Amino acid sequence: MLWFQGAIPAAIATAKRSGAVFVVFVAGDDEQSTQMAASWEDDKVTEASSNSFVAIKIDTKRCIC
């Protein structure tokens, strides 16, 4: 997945401007997160979603204090 590299408000604005779906992936340490991360990182998913999604990844291991 080509993860958006800016702030959340900028990602939302980009999605609105381009008519794309805004996706938020919250990654954790559990098995479901691991499986979902593998799916998002698949080359076919990246290729298929490159023009349709604005996606951000939030890692639960990082403290947003």
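This is a predicted model: local features need pLDDT of at least 70, side-chain atom pairs count only at pLDDT 80 or more; totals for chains, interfaces and linings use all residues.
Colleague: Which residues make up the largest nonpolar core?

Modeller: In soluble globular proteins, nonpolar side chains tend to be buried together. A nonpolar core is a set of buried Ala, Val, Leu, Ile, Met, Phe, Trp, Tyr and Cys residues joined through side-chain atoms within 4.5 Å. Buried means under 20% relative accessible area, exposed over 50%, and partly exposed in between (1.4 Å probe, protein chains only). Here the largest core has eight residues: Met1, Trp3, Val23, Phe25, Ala27, Ala37, Trp40 and Ala55.

Colleague: Which elements give two or more residues to this core?

Modeller: Helices (H or I, at least four residues) and strands (E, at least two) are DSSP runs, numbered from the N terminus. The elements in question are β1 (21-27) and α2 (31-41). The largest share, three residues, comes from β1. A second, separate core has five residues, including Ala11, Ala15, Val54 and Ile56.

Colleague: What does tryptophan 3 contact?

Modeller: Contact means heavy atoms within 4.5 Å. With neighbours within four places in sequence left aside, tryptophan 3 is in contact with Phe25, Trp40, Glu41, Ala55, Ile56 and Lys57.

Colleague: Is serine 33 buried or exposed?

Modeller: Serine 33, in helix α2, is buried, because its relative accessible area is 10%. Not counting residues up to four places away in sequence, serine 33 touches Phe25, Val26, Ala27 and Gly28.

Colleague: Which polar contact joins the side chains of serine 33 and aspartate 30?

Modeller: A polar contact is a pair of N or O atoms within 3.5 Å; within protein, one must be able to donate a hydrogen and the other to accept it, and residues adjacent in sequence count only if both atoms are side-chain atoms. The serine 33 and aspartate 30 side chains are joined at 2.9 Å. The serine 33 side chain also reaches the backbone nitrogen of glycine 28 at 3.0 Å.

Colleague: Where is alanine 48, and is it buried or exposed?

Modeller: Alanine 48 lies in helix α3 (residues 43-49) and is exposed, with a relative accessible area of 59%.

Technical notes. Residues are numbered from 1 along each chain as its sequence is written. Side-chain values use heavy atoms; hydrogens and water are left out.
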